[in-house]
Amino acid sequence: MARYADALLTLEDGTVFRGRSCGALLETAGEVVFNTSMTGYQEILTDPSYKGQIVCMTYPHIGNYGITREDSESARPWVEGLVVRELCRTPSNWQSTEALDVFLRRNGIPAIEGIDTRALTRLLRTRGSLRAVLSPLDSSVPRLLAKARALPSMTGRDLARVVTCRRPYAWTETLPAGIFSLPPQAASDREAPPHVAVLDFGVKYGILRCLASAGCRVTVLPAAATAEDVLSLSPDGILLSNGPGDPEPVQYAVQTVRRLLETRVPMFGICLGHQLLGLALGAKTYKLKFGHHGANHPVRDLETGKVEITAQNHNFCIDPASLPPQARLSHINLNDQTCEGFSHAQLPVFSVQYHPEASAGPHDSRHLLSRFLRLMDEHSGKITGPHAQAR
Amino acid sequence: MPKRADLQKIIVVGSGPIVIGQACEFDYSGTQGIKALKEEGYSVVLVNSNPATIMTDPQLADRTYIEPLTPEFLEMVIAREKPQALLPTLGGQTALNLAVALSERGVLERHGVELIGAKLSAITQAEDRQLFKSVMQSIPLDLPRSRVITGLGEARGAARELGFPLVVRPSFTLGGTGGGVAYHIQELIARTSSALEASPSKKVLLEESVIGWKEYELEVMRDWRDNFVVICSIENVDPMGVHTGDSITVAPAQTLTDRQYQEMRDDARRAVRAIGVETGGCNVQFAVDPKTGRRVIIEINPRVSRSSALASKATGFPIAKIAAKLAVGYSLDELPNDITRKTPAAFEPAIDYVVTKVPRFAFEKFYGADEDVPLDTSMKSVGEAMAIGRTFKESLQKALRSLEIGRPGWTAQPAGRKLSAAQKAQLERKLTTPGSERIFWIKTALQSGYGVPEVSTATRIDPWFIGQMREIVDFEASLRSTPLDRESLRRAKSLGFSDRQLAALRGGTEAKIRELRKRWGVRPAFKRVDTCAAEFDAQTPYFYSTYDPENEARPSRQKKKVMILGSGPNRIGQGIEFDYSCVHAVTALREMGYETLMVNCNPETVSTDYDASDRLYFEPLTIEDILEIMDLEKPAGVIVQFGGQTPLNLALPLLRAGVPILGTAPKSIDIAEDRRRFAALLKQLRIPVPPHGIARTSAQACRIARRVGFPVIARPSYVLGGRAMEIVYDEPALKQYIAANTRAAGRREILIDRFLADATEVDVDAVSDGKAVYIGGVMEHIEEAGIHSGDSACTLPPRTLTPEQLSTVVEYTRRTALALRVVGLINIQFAIKDGAVYLLEANPRASRTVPFVSKATGIPLAKLAAKVIVGARLKSLLPKALVSASPPPLPYAAVKGVVLPFLRFPGVDPTLGPEMKSTGEVMGIDTDFVRAFIKSQAAAGTALPPAGSVFISVRDEDKPAILSAAAHLKHLGFTLHATHNTRDFLARHGIEARPVFKIGDGKPDVVDLLKQKSLSLVINTPSGRRARKDGYRIRRTALELNINCITNIHACEMAIHGISMLRDSKLSARPLQELHASLPYSVSMRPL
C-alpha cells in the first residue's frame, strides 16, 4: 500500500489532529468550518465564499465520483485546505474526469485525511469556528500553534476584494439539464431579454447559470464597481452576489448598494449580497458561532408558510431586530430562528441569506429567480419613474 | 395547521403474518404510528392477525382486534367501532390492498370512513402499472419503455416491439411475486403465465430491461402544505435485476455527484406530487444507466416500507411516527425532530457514517445445503442485518459478521492461490449470476488476481464498491506478509476486520487478538446516531462502534443496569417472536427502574428503535462486539434468554470471559442441549422420553435405530428450527441421511430418536423463579408429532387432552424447570402416544409461542420472566387467582396458524416435516376451537371454502380416516373428485366420487381440473416413505393457483369442522381487551 506523508492540523485552542497528507504538499492556514453536505465537495471547494477557510467535510467518504467538467462554481478552488475522514483516489462516475486528489494537487490545495472528522466537528460546534494551520511539512506543534494564533480573524477582513473578478464580463453558459421549477422564459412580453448586472463579491457560477437558463442577459461586474458603472449598463435588475467572510469591511459595496437603492432598479441579494443590502438599509450583522454550512437547512417563507430545504454557507448574519421598518423579515431558519431573508416594503428589492442556485444542495429555492424575473418585468420601463412602486 | 379535530377514532391496519417481503418492519412502523396517534389523543383501533407483534399488545391501541385481515372482518370491525378514519400506510402492501378492497366494495363510504395517509387515487396510481406509467409520462419523467398486457398474445407483440431481455411484473403483488426476467420467448411465455396468475388484477407489465443499471431508493416525506424532504438515499450495491430486498444496500448514496443526486430528488418530488401522496412517507426507486446517466423512475410505494424502516434506523429519523402525525393534519415544520428536540422535523438528515444492509437467505431449508439459487426481481431473503461504520469497508465487514452464517466478516469462498480452468469458469459464473454468496466470490476473484474493472464488468457492481473491497483485500495481503504492529492492528480494525478474522489470518485465537488490542489500546469508540452529523447537540441514546479516537457514549454509573441481547437477523425459526420477547423484557426492566442496554443488528425490529431501551447499541451479536460494550458500560449482567438461539449460543463464551449471565445459568442451558446429560437428568426425574441414542458413524446410527425401532427421527445436535431434521423409515434411508448430513452436523453428533407416529404433540411455555413455576400455557398441536412445532397449528387451551394427561404435562414441566434451576422462561415439548406422556425436548429460553400465549391469556410471559430474572418472585407478580392455578383457565379458545413461503421457492414440494419452513404465524381467537380455527385459516390466507368441489387423494394409512371426512363433505354438499384407487375405496364404503385421471393417464387429469379452477379444496396427504411426483405436482399447482390444499389428515378433520361451522353460523370480531375482561382473573400485573 502506498504510504502518505503525515500531516498535522493544529487548532488555535491547542487541539492537534494527526492524519495523512493528501492534495498539495503545502502548509496552509485558515478558519476551520465544517460542512454537512454528503455530496457536492467539488462545488464547495470551488465556492469563492470559502476564501480564508479550511473546510472539514462531515461525510466520511469524499472524492467518490472524482471531479467533473460540469460542477465547478468558479474557475479554481478557493478553500485554504480540506479535511476529510477518507479521500477516495479511485472515483467512479460517468461524468468523472479526474480524481479529487489530482485536482487538489494540480490546484495547490493541501488536504488531510484519516482524522476523526466527527470529533473535530463536535469541537467546532462547541467552541465555534477556530483558526488553524494544516501542515504536512512542519511537525513542531508549538510552532504550528503559534502560527494558528497569529492568523488574522475573519471578522473585519474584506475578502470579496480578493475573490472578485478583475474586469466586467458577459456570462452565457446555462445549466446542463435545464432549470427545475423555473419557467424557461418568464419575461414573455419583452422584446429583449432582461439584462441583469451581477455585482461579483465571489459569485458562484451556479447563480450565473440559473440567470442565463432563465433567459437573462448577464453582465458580471467587479465588487468595487461603482453605482455609475452598474447604471451605465442600463440593467433591468441587479444581483448582489454571495461572497466570503464579513460584510462590515466591504463598505465601498455598501455605499454602492445605497446609491443603487435610490434608482429603484429591482435588486436581489444572495448571501453576502443579502448582508450588504441589509447594511445599506441600516441593519447590523454579527458572527454566528460556527456558521451555517450544509445542504439541509429548513427555511420558512413567512408569507406562504412553506418550508424549503436550503443550501447555506455563511458565518455572518443579519440581526433581524436591527432591520429598518421598511425591510420586512420574509424568511427564517427553522433550526435557530435566524434571519434568512427580507424584502423591501416600498422598493422592488429582496434578498435571502441562503443559496437559491443550491449547487451543492436541493433545488427547492430556484423559484426565487422567477420572482426576480417577475420583479424585473413589473418594473421594466418604470425604473426611473418619480414615484416609488409599491408592490 | 394543528391536528384535525374532526377525527376522534382512527383504525390502523397491520400487515398480518410475517412473510417474505413483509416482516418485522411493519410492527416497528405500526407500533410507532399507534403511539404517535395516541399521543395526539386519538382513540386507536388496531386490526392485525399477527399475535407476535408489539403493536397487538393490548396496552398499545385502545381496541386491538386480532382478526383476519380480510375485507369481511375489516367491515365487521368498522361496523362495530365506527371510526372516522382508516390509516392504511403503516401495514405494508397488505393494508394498502385492503384499503383498496374496502373502497371498491363501498364499505368505507357506507360507514363514513375516510382514508388518511394515502387517498385511494394515490394508491391506485402508484400500484397500477399502467396508471403509474401514464402519470409519470405526464410530468414528464423517463421510464423504462414498457407495455401492459393482459394475455399471452399481447406478450408476443410486446416482445417484438421492446426486444429481450424483458422484465415481467404483475400488478398489485408483494415483493414482486410472480415476476422475473425473460431472456427469450419461451421464458417470456412461462413467466407471463405465472405473473398473470399472481396478479389480482390480471395485468402484467412487460418492460425494457434495465438489468445492471445502478439502483437507488429515496425515502421521502411530504405534508399537506407540499413541504417535501428526503430522509435518506439508498444505493444498491447489487444493481438492477436483483430485488432490493435481496440486494446489499448502502446509505447514503455513494456514487452520484450532487447535481445527479439533486435531479433525482427533483424527480422524486414531482413524482410523489403527481401520484398524489399528500401526507406521509413514500419510497421512490430509480435506475441510472452507468454509462450515460439516463435516469428512469421504477416505482413508488405510497406507504412506509422495509426501506423506510432501514432509513429510520440508518438516520435516526422516525419516519412512521412522523407519517402518522402528518396523516392527522400536522405539517413537517410543526413537528420537532425527536433527536435534537430543538430543530423541526422539516429537514433532511445528514449522516457522517456509512450504513450497509445485507440480506439473509434460507435456501438450505428448501433446496439442500449446496444449492445456490440465482437472485432475481422476486424477493427470496428471509431477513437482514444492518451495520454502521465510518466507512463502507468497516460497515460491510460488520454487516457480514452480523449475518450469523458462520463468517467472521467478509471472507472468500475456499479456493487455492492459483485457480484451475474449471475453478475459473465456476468463479466467473458465480460473479455473473447474482446469488446469496456472490459477495464472497468477489473476494475470491480479487484475491486470485482479477482486477477491479474485470470484477465490476462481470458483476455489474459499480467499480467504486469493488475498489473499496479491493482495499480490504490489499490490506489483508499486506497483513499476511508483515508483522502485526499497533498501527497495522488499528488499521485492520478500522477496515472492519473482526478479532476472529485476524486470528484466522495470523494464527492464534480470537482471545489472543483481543488481549493484544487491549495491551496496545486499540479499542473501538462509540459514536452517536444524531440525524445531523454532529451539527447540533443530541441526546439520542443510539450508538455504533468504530475505530476513530473519540468516544461519545458516556455510560451512567447506575448499578441497576442490564444488557439484553437481541436475536439478530430474522431467519426461519428465529423471527419476530424473539424480538417481541426482548422488547417486553426491556420494558419490564425499565418499569423496575433498571437502565437497559439493547444490543441488536436487525433494522426491521422494534428492539432497534432507540426509544425501546435506555441505550441502543446497533452492533453485531458476536463475543467481540458484546465484550467491548460490556467493558464500556459495565452492566450488572447480561440477559441471553429472550433473543432465541443467537444469544444463547453466546452464553458460555461470555461466561468464560467473565460476564455475569442473569437468569437461568449457562450450565443449565448446556445440560438441556446436551442429549446425554439431559437424558440422565430426566431419568432421575422419572420423566419418560422416546427411546434414543447418539451416533457418530453410520454403523452406530443403524445399531441405535435397530434398538429403538423404525421409524426414527434423525438430526444433528445443536441445531435450530429443525435444520436437517428428518423422519427416517428404514436402514438404507438412514445411511443416506448420515452421508448427506455430516456436513450440516459438522463435527457434531447425530441424534437418533424413536419417532412416535401419530402422537399428539404438546408445547408448554412456563416461567420459573427457581422456587415456583408458572405454567403460562399448554398448547396442543393440530398436526401430529413429526411436524416441526413451528410449522404446526396449535390450540390453547389443549383440545383433546384428558385432565390426567394435562396434569402430567404440568407436573413434568414443573419438575424439569426446577431441576434445571430455571430462572426465567422455559419451553418444553411433549408427545402423547397411547395415553403416555413423553418429554421430547426442553429449551430454557423464550420460545416462538411466548407472544401467542401472552396474547391469549393476557399474562405477558416475557415481562414476567424479566422481572423474575432480576429477583422478583412469581408470587408477588402474578394475579392472586393464578398463583396456584396454572395453566390459566380460558373462557375462549385461541388457535395459532402458520404461513409458509413455498410460493417463493419454485420446485419445492409444499409439505410439512420435521424441518421448520414457515416464516410467520397468525392467531384466531373466538368462543370455541372451531371458530378460532376458521379465523386462523382465513388469517393465514388459506380460507376454508364454504362449498364447491374437493379432490381427495390420500396415502393408504389415511384411507380409514378419510371416510368420515368424505362423508361429511358430501353431506355439506361438496362434489367429490378422486383418482381411481381412492374413488373405488370410497365407493366400497358407499361414498360416491367422480373419477379423475392420474397425471399422465388421460385428460382431464387433476392438474387440469385445478387449472380450470373447478376445485375449491384439495386433500392430498403425501406418502411418508418416498417422494411422490404426482402428489408434488398436485400440491404445487394448488399452491400456485391459491387453492386450499390440506396435506395432513388431522388438519383435514379440523377443516371439515370449520367448513360445517361456516355454513351454520356467522363469525364475529371481538377486541382483545374485551376478551381479557372476560377472564376469571385480572391481567394487570401486580405492582412490585
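**Briefing: a strand pair, its sheet and a chain interface**

Ala766(B) stands opposite Ile826(B), a residue of β31(B). The model is a predicted one. Two topics follow: an open sheet of 7 strands in chain B, and the contact between chain B and chain A.

**The strand pair and its sheet**

- Strands β28 (residues 760-769) and β31 (residues 823-833) of chain B pair in the antiparallel sense, over 10 bridges.
- Both belong to an open sheet of chain B with the order β32-β31-β28-β29-β30-β33-β34.
- Pairing in this sheet is antiparallel.
- Strands of a sheet pair through backbone hydrogen bonds.
- The edges are held by β32 (836-843) and β34 (920-926) of chain B. Each has a single partner strand, so one side of each is left without a neighbour in the sheet.
- On average, neighbouring strands of this sheet are turned by 25 degrees against each other, direction ignored.

**The helix across the sheet**

**Where chain B touches chain A**

- On the chain B side, 50 residues are in contact with 45 residues of chain A.
- The elements of chain B that give two or more residues to this side are α9 (258-275) and α17 (463-481).
- The largest share, 7 residues, comes from α9(B).
- By residue type, the side of chain B that touches chain A divides into 21 nonpolar, 11 polar and 18 charged residues.

Terms used. Residues are numbered from 1 along each chain as its sequence is written. Chains are lettered from A and ligands numbered from 1 in the order in which they are written. This is a predicted model: local features need pLDDT of at least 70, side-chain atom pairs count only at pLDDT 80 or more; totals for chains, interfaces and linings use all residues. Two residues are in contact if their C-beta atoms, placed from the backbone, lie within 7 Å. Helices (H or I, at least four residues) and strands (E, at least two) are DSSP runs, numbered from the N terminus. Ala, Val, Leu, Ile, Met, Phe, Trp, Tyr, Cys and Pro count as nonpolar, Asp, Glu, Lys and Arg as charged, and the others, Gly among them, as polar. Two strands pair if DSSP finds at least two bridges between them. Axes are lines fitted to C-alpha atoms, for helices over the stretch in contact, and angles run from 0 to 180 degrees between N-to-C directions.
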